[in-house]
Amino acid sequence: MDFDVAGLVDSGVATLGGLLVTDAYERVVRARLVGLLGGGRSQERLPAIEDFDRLRRGLAGAVQNGNARTRRAFERELRGYVRSLIDADPVAVVELLSSVREESVVRPGGAASSVSLTNNTIFGPVLGSGVQHNSF
């Protein structure tokens, strides 16, 4: 696999995997995926939106129950879906990932939240701990 494609697959899995278990999937990402999946490309190789919806339910359940094995299985399936999307239209996948990383979502009542995902690679031993902060 080409290095750029491998990076795009990793980024797609990290971004979509993170968004699948949030409300941003329903509010922002799902509609964009529907557009990407129905963009006149060969439908026989692409997953359906129902596949992403099923992954969302399964991944959310695995995360909530702390089931690492099931979570990894869903992530492998997501990796295959992302790879299919990239094979069909890599430019559209890059645009999708770029647009949802910085999307601002307006909630009922006028409150706004934003989606900001970071995918890091750490080389060498990791000493210490980390904390993820979310602000809404």
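Are α3 and α4 roughly parallel or roughly antiparallel to each other? In this predicted model, helix α3 covers residues 49–65 and helix α4 covers residues 68–88. The two helices pack with their axes 9 Å apart, at an angle of about 155°. Angles over 145 degrees count as roughly antiparallel, and α3 and α4 are therefore roughly antiparallel to each other. Their crossing is left-handed.

The contact between the two helices draws on residues from both sides. On the α3 side, the residues involved are Asp51, Phe52, Arg54, Leu55, Gly58, Leu59, Ala62 and Val63. These meet Thr70, Arg71, Phe74, Glu75, Glu77, Leu78, Tyr81 and Leu85 in α4. By residue type, the contact of α3 with α4 comprises 9 nonpolar, 5 charged and 2 polar residues.

Helix α3 itself consists of 17 residues. From its first C-alpha to its last, α3 reaches 24 Å, close to the 24 Å expected at 1.5 Å a residue. Buried positions in α3 are Ile49, Phe52, Asp53, Leu55, Arg56, Gly58, Leu59 and Ala62. Just after α3, Gly66 adopts a positive phi of about 70°.

Elsewhere in the chain, helix α2 spans residues 24–37 and contains Val34. Val34 has a relative accessibility of 39% and so counts as partly exposed. Between Val34 and Ala48 the C-alpha to C-alpha distance is 8.3 Å, and the two are 14 residues apart in sequence.

Methods
Residues are numbered from 1 along each chain as its sequence is written. This is a predicted model: local features need pLDDT of at least 70, side-chain atom pairs count only at pLDDT 80 or more; totals for chains, interfaces and linings use all residues. Side-chain values use heavy atoms; hydrogens and water are left out. Axes are lines fitted to C-alpha atoms, for helices over the stretch in contact, and angles run from 0 to 180 degrees between N-to-C directions. Helices (H or I, at least four residues) and strands (E, at least two) are DSSP runs, numbered from the N terminus. Angles under 35 degrees count as roughly parallel, over 145 as roughly antiparallel, 65 to 115 as roughly perpendicular and the rest as oblique. A crossing is left-handed if the near helix is turned anticlockwise from the far one by less than a right angle, and right-handed if clockwise. Contact means heavy atoms within 4.5 Å. Ala, Val, Leu, Ile, Met, Phe, Trp, Tyr, Cys and Pro count as nonpolar, Asp, Glu, Lys and Arg as charged, and the others, Gly among them, as polar. The expected span of a helix is 1.5 Å times one less than its number of residues. Buried means under 20% relative accessible area, exposed over 50%, partly exposed in between (1.4 Å probe, protein chains only).
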